Amino acid sequence: MKKLELHWQILIGMLLGLVFGFGMTYLSWGKDFVTDWVSPLGIIFIKLLKLIAIPLILASLIKGISDLKDISKFRNIGLRTMAIYIGTTTVAIVLGLVLVNVLQPGNGISEETIAKLTSTYASDSGVVSKLEEATRQKESGPLQFLEDMVPDNAFAALGNNRLMLQVIFFTIFMGISMLLIGEDRAKPLKSFFDALNDVVLKMVDLIMLIAPIAVFALLANVVVSSSDPEILLALLKYAGVVVFGLLMMIVFYCILISVYAKKNPFWFLKQLSPAQLLAFSTSSSAATLPVTMERVEEHIGVDKEVSSFVLPVGATINMDGTSLYQGVAAVFIAQALSFDLPLGAQLTIVLTALLASIGTAAVPGAGMVMLVIVLESVGFPADKYAVGLALIFAVDRPLDMFRTVINITGDATVSTVVAKSVGKLGEPHVRNWDDRLDEVR
């Protein structure tokens with residue numbers, strides 16, 4: 001019997017998780033059972049993915065650079081990557097602003113709903129922590145991003161998933177230095193990282209064996225932890241605008257894949273679907289990165305020279321879904337609280353959201369930190385920040401799941417487009433976890 005494809009296994013796990021989670025909400029002990037006995041399976045899975053994220057970046061990026069033989073090729077890849085990332089993020093923000101201005105979801109929010117949301121969430125620890133983090137980022141200097149990118153301790157950077165930009169900087173520095181000392185002298189170190197890369201990719205294959213069970217656990221926990229259904233219903237129009245905008249970004253990516261990369265967009269989405277489903281379940285681009293890299297390289301055919309740079313950088317600075325959400329959420333809050341946002345202020349949102357996306361941690365909830373920075377840039381009253389975040393906090397987690405899917409889809413799209421532009425888009429070469437099992441039995 002033919003084995004069920006991975007994306008179908010994950011999708012079935014997600015659906016069963018949703019059904020199981022809803023069933024548990026009707027039992028008095030259901031939430032505690034899911035929290036104590038089901039949720040840990042999902043947490044372990046996320047930890048395993050994060051465990052191999054930095055070793056994978058280190059090994060694959062050094063392998064990609066050392067295989068180039070020519071530093072100018074790396075410069076071409078880097079410049080094209082940054083230009084396209086800026087372009088897709090700008091498209092996302094502008095699209096979000098157009099939709100929220102046309103559909104005006106904030107105008108339908110009643111004073112009673114605003115009062116209820118404020119009393120429920122304004123003092124929530126999650127909202128308070130986002131405000132504190134945003135304050136810290138706003139107080140940083142204009143070149144803080146560059147300062148933060150350079151580590152003062154390579155081992156400290158390698159030991160912290162939140163310092164991914166520092167890891168990328170160190171790895172690029174090391175890879176270029178290996179090129180400069182010559183192929184013969186660098187050969188022992190290159191052989192080590194080549195082997196490490198193969199080992200980590202095999203670890204990805206093994207971890208993915210438990211993906212269906214993990215997403216079952218993650219989705220069940222999301223359901224039992226969800227907010228008041230009445231509040232969610234009140235924010236349905238706002239959430240609908242965000243989701244519609246995210247779907248339009250998928251269409252935009254499909255056009256890029258079809259017109260420029262000359263690939264069937266439906267085939268592209270099918271090959272990427274396991275990574276997309278994991279992004280939805282984990283709400284983290286960083287946790288999904290190992291799977292995104294494996295799908296893009298082995299199933300879509302992007303050369304490691306391209307994917308090893310484009311995807312880790314994208315997981316850190318390219319957040320199309322989150323940036324679109326910034327535009328929609330900022331204008332929605334302004335509409336609901338009767339704060340005027342003229343055209344000039346909305347153009348400021350475009351620039352601020354673009355800059356805020358760079359260096360923001362690729363972890364759940366980062367979008368709300370960026371949102372505070374965006375609101376501050378347009379002169380939104382500081383004493384209303386907590387109220388503004390309270391308006392959208394109830395639906396932030398489910399929307400975070402959707403926008404993370406767009407974030408990693410954008411990364412994969414840009415990786416494919418860049419690979420095509422430099423002649424590094426080949427045929428897929430799929431490796432399975434048990435390819436060499438017979439040899440070690």
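1. Rings of Phe, Tyr and Trp (its six-membered ring) form a pair if their centres lie within 6.5 Å; planes under 30 degrees apart count as stacked, over 60 as edge-to-face and the rest as tilted. Ring pairs join Phe 339, Phe 380 and Tyr 385 into a cluster. In total, the structure holds ten aromatic pairs.

2. On the basis of this note: the model is predicted, so that local features need pLDDT of at least 70 and side-chain atom pairs count only at pLDDT 80 or more, while totals for chains, interfaces and linings use all residues. Residues are numbered from 1 along each chain as its sequence is written, and side-chain values use heavy atoms, with hydrogens and water left out.

3. A pair of aromatic rings is described by the distance of the centres and the angle of the planes. Trp 29 and Phe 33 make an edge-to-face pair, with 5.8 Å from centre to centre and 85° between the planes. Trp 29 is partly exposed, at 48% relative accessibility; here buried means under 20% relative accessible area, exposed over 50%, and partly exposed in between (1.4 Å probe, protein chains only). Phe 33 is also partly exposed, with a relative accessible area of 32%.

4. The rings of Phe 280 and Phe 402 are edge-to-face because their centres are 5.2 Å apart and their planes stand at 75°. Phe 280 belongs to helix α13 (residues 265-282) and Phe 402 to helix α20, so this pair ties together parts that are 122 residues apart in sequence. Helices (H or I, at least four residues) and strands (E, at least two) are DSSP runs, numbered from the N terminus. Phe 280 counts as buried at 17% relative accessibility, whereas Phe 402 counts as partly exposed at 36%.

5. A charge also meets a ring: the charged end of Arg 403 sits over the ring of Tyr 325, 3.8 Å from its centre. The criterion is that NZ of Lys or CZ of Arg is within 6 Å of the ring centre and within 35 degrees of the ring normal.

6. In helix α19 (residues 385-393), nine of its nine residues are buried, among them Tyr 385, Gly 388 and Phe 393. Helix α17 (residues 343-356) has 14 residues and reaches 20 Å from its first C-alpha to its last, close to the 20 Å expected at 1.5 Å a residue; the expected span is 1.5 Å times one less than the number of residues. The buried residues of α17 include Gln 346, Ile 349 and Leu 354.

7. Two residues call for a check of the backbone. Lys 262, in the loop between α12 and α13, has a positive phi near 60° although the residue is not a glycine, and Lys 262 is exposed at 61% relative accessibility. Ser 283, in the loop between α13 and α14 (285-300), has a positive phi of about 60° and is not a glycine either. Ser 283 is buried, with a relative accessible area of 2%.

8. How is the lining of the second largest pocket divided by residue type? The lining has 18 nonpolar residues, five polar and one charged. Ala, Val, Leu, Ile, Met, Phe, Trp, Tyr, Cys and Pro count as nonpolar, Asp, Glu, Lys and Arg as charged, and the others, Gly among them, as polar. Helix α20 gives the most to this lining, with five residues.
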